[in-house]
Amino acid sequence: MKFVKFMLAASALAVATLTVACNNSPENKNTAAIKAGITRSNWGTVDGKTVYLYTLVNDKGDTVTITNYGGAITSFVTPDKNGKFSSVIIGFDSLAPYLHHPPYFGALIGRYGNRIGDAKFTLDGKVYNLAANDGKNTLHGGMKGFDKVVWDASILNDTVPSLTLKYLSKDGEEGFPGNLNVTVQYILTNDGGLKIEYSAETDKPTPVNLTNHSYFNLSGNTSNTILDETLMINANSYTPVDNTLIPTGEIKSVKGTPFDFTTPKKIGKDFADVKGGYDHNFVLNRKDSTLEKVASLSDSISGRTMDVYTTQPGLQFYTGNFLDGRFTNHGNQRITAHSALAMETQHFPDSPNKPNFPSTILKPGQIYHEVTIYQVSVK
Ligand code: GLA
């Protein structure tokens with residue numbers, strides 16, 4: 001059998017040299033000496049803290065790289081139908097571009113994912129003012145959200161590799177009440193699942209809405225538009241928005257609208273009818289908050305499919321409408337509008353100001369706990 005050395009582009013300086021089978025027949029793919037586990041390399045310094053790049057490898061040779069700067073997933077490398085490996089998540093091969101504030105590439109988002117209208121909310125009779133960093137609204141936690149801080153990291157080489165990140169968001173940070181202790185665990189499973197488990201505790205009531213802002217292009221090449229990918233979202237309704245992308249409060253049926261993805265549909269099919277492109281919260285069909293499959297994305301070029309599982313009530317489907325060519329993906333690929341899409345599992349935007357939406361308020365003594373899995377396979 002013939003072997004090639006596969007060097008993960010995203011960690012050229014790191015230790016992730018895998019030896020994988022070069023035989024394209026499915027049964028022989030990646031059967032060689034793959035060293036599953038997790039390693040780390042030094043990536044630089046931010047706020048006087050060391051930033052690392054962590055490389056998680058499973059026993060099939062799927063590889064995820066994550067930095068503790070913003071907890072960002074920088075790549076998720078999986079094989080396509082021909083056994084060719086590339087990243088389905090967009091990102092950079094070094095720390096520097098992340099410091100130029102790309103729009104949340106791969107990052108952990110908090111304390112409140114998506115928007116809070118007019119940058120304020122009232123809780124227990126008190127008005128809390130936040131920073132307006134998106135017009136008059138607050139987006140993704142404010143000026144310095146969880147995507148721009150250095151997280152404390154620890155690694156575990158168990159049956160599957162895992163990375164645990166912790167961050168203490170202090171009382172008053174970005175205007176939010178309460179010390180919030182956040183833990184996020186990333187696990188790469190042997191069946192191609194990138195599992196993200198979020199937990200948090202507070203010492204004062206506070207809104208909490210944590211998510212991850214990975215942008216996906218399943219073809220592994222951002223010069224292919226995601227409008228050609230096929231999507232299913234198990235959601236019979238969505239939350240319409242005003243012209244600043246704040247939900248109106250209405251929960252509207254997707255039936256007969258471009259928002260109907262209840263059966264698999266090419267993203268581009270009704271795209272022209274959605275002003276500005278998709279950037280909407282879908283109300284997932286669910287009876288409770290058990291972990292279940294809520295969406296599925298597939299791409300005919302690569303043969304990849306990605307199933308999304310979550311415990312969360314909503315999914316923000318965003319077609320990368322604001323991607324503007326300022327940033328370059330792995331392999332020098334340009335990133336322009338619709339080069340990649342996000343599927344942010346979360347609570348609904350602006351819930352602190354929308355009494356009819358499921359509550360996002362975490363109280364002392366309660367434990368916030370949510371799980372999302374992005375599982376990639378080839379058909
Ligand atoms: C989310 C929002 C979008 C945009 C992106 C980041 O997906 O819904 O409107 O702000 O984050 O650019």
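Colleague: Does glycine 325 count as buried, partly exposed or exposed?

Modeller: This is a predicted model, in which local features need pLDDT of at least 70 and side-chain atom pairs count only at pLDDT 80 or more, while totals for chains, interfaces and linings use all residues. Residues are numbered from 1 along each chain as its sequence is written, and side-chain values use heavy atoms, leaving out hydrogens and water. Buried means under 20% relative accessible area, exposed over 50%, and partly exposed in between, with a 1.4 Å probe and protein chains only. Glycine 325 has a relative accessibility of 24%, so the class is partly exposed.

Colleague: Which residues does glycine 325 contact, leaving aside neighbours within four places in sequence?

Modeller: Glycine 325 sits in strand β28 (residues 324-329); strands (E, at least two residues) and helices (H or I, at least four) are DSSP runs numbered from the N terminus. Contact means heavy atoms within 4.5 Å. With those neighbours set aside, the partners of glycine 325 are Arg334, Ile335 and Thr336.

Colleague: How many Å separate the C-alpha atoms of valine 241 and aspartate 279?

Modeller: Valine 241 is found in the loop between β21 (237-239) and β22 (252-253), and its relative accessible area of 25% makes it partly exposed. Not counting residues up to four places away in sequence, valine 241 touches Ile246, Pro247, Thr248 and His280. Aspartate 279 is 38 residues from valine 241 along the chain, and their C-alpha atoms are separated by 9.1 Å.

Colleague: Why does threonine 78 count as buried?

Modeller: Threonine 78 belongs to strand β6 (residues 73-79). Beyond four places in sequence, it touches Asp62, Lys84, Phe85, Ser86, Val88, Arg304 and Val376. Threonine 78 is buried because its relative accessible area is 3%.

Colleague: Which residue has its backbone oxygen 2.7 Å from a polar side-chain atom of threonine 211?

Modeller: Threonine 211 is part of strand β18 (residues 211-213) and is buried, at 0% relative accessibility. Among the residues it touches, beyond four places in sequence, are Tyr198, Glu344 and Gln346. The backbone oxygen in question belongs to threonine 345.

Colleague: Which residues come nearest to the ligand?

Modeller: A residue is near a molecule or strand if one of its heavy atoms lies within 4 Å of it. By class, the shell has 7 nonpolar, 4 polar and 3 charged residues. Of the 14 residues around the ligand, those that come nearest are Arg115, His140, His213, Asp279 and Glu344.

Colleague: And what percentage of the ligand's exposed area does the protein bury?

Modeller: Start with the side chains: an N or O atom of histidine 140 is 2.8 Å from a ligand oxygen, and one of glutamine 316 is 3.2 Å from a ligand oxygen. For asparagine 114, a polar side-chain atom lies 2.9 Å from an oxygen of the ligand. Taken alone the ligand exposes 300 Å², with areas from the Shrake-Rupley method and a 1.4 Å probe. Of that area, the protein buries 96%.

Conventions: Polar contact = N/O pair within 3.5 Å; in protein donor to acceptor, adjacent residues only side chain to side chain. Nonpolar A, V, L, I, M, F, W, Y, C, P; charged D, E, K, R; others polar.
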